[in-house]
Amino acid sequence: MTTVTSGLTTQQENRPPAAAKPVRWAADAVATMREGARLRLDYSAQSLWRVDRVIDGIRREGAPYAAVETALRGLGAYAGEVIARESGGEWWATGGDHWVRTPDGRLWDPVDEARRCFAGHGSLRLLCRDATTNS
């Protein structure tokens, strides 16, 4: 059972500093999807099907990358948070880039994968599947 103190769960309090930005970006994406698209994201691997469809829809509408860059960063961070929670991984950061390191030592870049999805060459759902399956 996770205890709550001053609005944060102990899981959040014990997160590495590298998690601060992507966790906030993910939470912003969840709120935006809930309020703007009426889409509830629950940090489950299954929810990444919906995220892939949202990104595909944005791409099909022809939105310029500059207009959706922040949204893609948030959706990628959301996928990274799903991976971290599903695998027991943790966020790592260097030079402004953020990755998830899974317990087996592999590094994953979900923010870049969201950009790849927007370009029509990626899938956050498949990234999560690969990251949470031991090799």
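**Entry 1: around helix α3**

I began just after α3, where Gly 62 takes a positive phi of about 80°. The model I am reading is predicted, so I kept its limits in mind: local features need pLDDT of at least 70, side-chain atom pairs count only at pLDDT 80 or more, and totals for chains, interfaces and linings use all residues. Residues are numbered from 1 along each chain as its sequence is written, and side-chain values use heavy atoms, with hydrogens and water left out.

A note to myself on names: helices (H or I, at least four residues) and strands (E, at least two) are DSSP runs, numbered from the N terminus.

Next I looked at the helix itself. Helix α3 covers residues 47-60, which is 14 residues. From its first C-alpha to its last it reaches 20 Å, close to the 20 Å expected at 1.5 Å a residue; the expected span is 1.5 Å times one less than the number of residues.

Which residues of α3 are buried? I found Ser 47, Leu 48, Val 51, Asp 52, Ile 55 and Ile 58. They cover an arc of only 145° around the axis, so they sit on the same side of α3. The arc is taken from the directions from the helix axis to the C-beta atoms. I also wrote down the cut-offs: buried means under 20% relative accessible area, exposed over 50%, and partly exposed in between (1.4 Å probe, protein chains only).

What do the buried residues of α3 pack against? My list reads α4, α5 and α6. On the face turned away from the buried side, I found the exposed residues Arg 53 and Arg 60.

I then followed Asp 52 to its partner. The side chain of Ser 123 makes a polar contact with the side chain of Asp 52 at 2.7 Å. A polar contact is a pair of N or O atoms within 3.5 Å; within protein, one must be able to donate a hydrogen and the other to accept it, and residues adjacent in sequence count only if both atoms are side-chain atoms.

Ser 123 lies in the loop between α5 (110-118) and α6 (124-131). Is Ser 123 buried or exposed? Its relative accessibility is 10%, so Ser 123 counts as buried. Leaving aside neighbours within four places in sequence, Ser 123 is in contact (heavy atoms within 4.5 Å) with Asp 52, Glu 113 and Cys 117.

**Entry 2: Gly 76 in α4**

Gly 76 lies in helix α4 (residues 65-87). With 0% relative accessibility, Gly 76 counts as buried. I liked this pair: Gly 76 and Pro 110 are 34 residues apart in sequence, yet 4.8 Å apart in space, C-alpha to C-alpha. Beyond its neighbours within four places in sequence, Gly 76 is in contact with Pro 110, Val 111 and Ala 114.

**Entry 3: His 98 in a strand**

I found His 98 in strand β4 (residues 97-101). At 9% relative accessibility, His 98 counts as buried. The side chain of His 98 reaches the backbone oxygen of Gly 96 at 3.5 Å. Again leaving aside neighbours within four places, the contacts of His 98 include Trp 25, Trp 91, Trp 92 and Asp 109.

**Entry 4: back to positive phi**

Last, I checked the loop between α2 (20-36) and α3, where I found Arg 38. Arg 38 is not a glycine, but has a positive phi of about 55°. Tyr 43 is found in the loop between α2 and α3, and its phi is near 65°, also positive in a residue other than glycine. Arg 38, at 76% relative accessibility, counts as exposed, whereas Tyr 43, at 18%, counts as buried.
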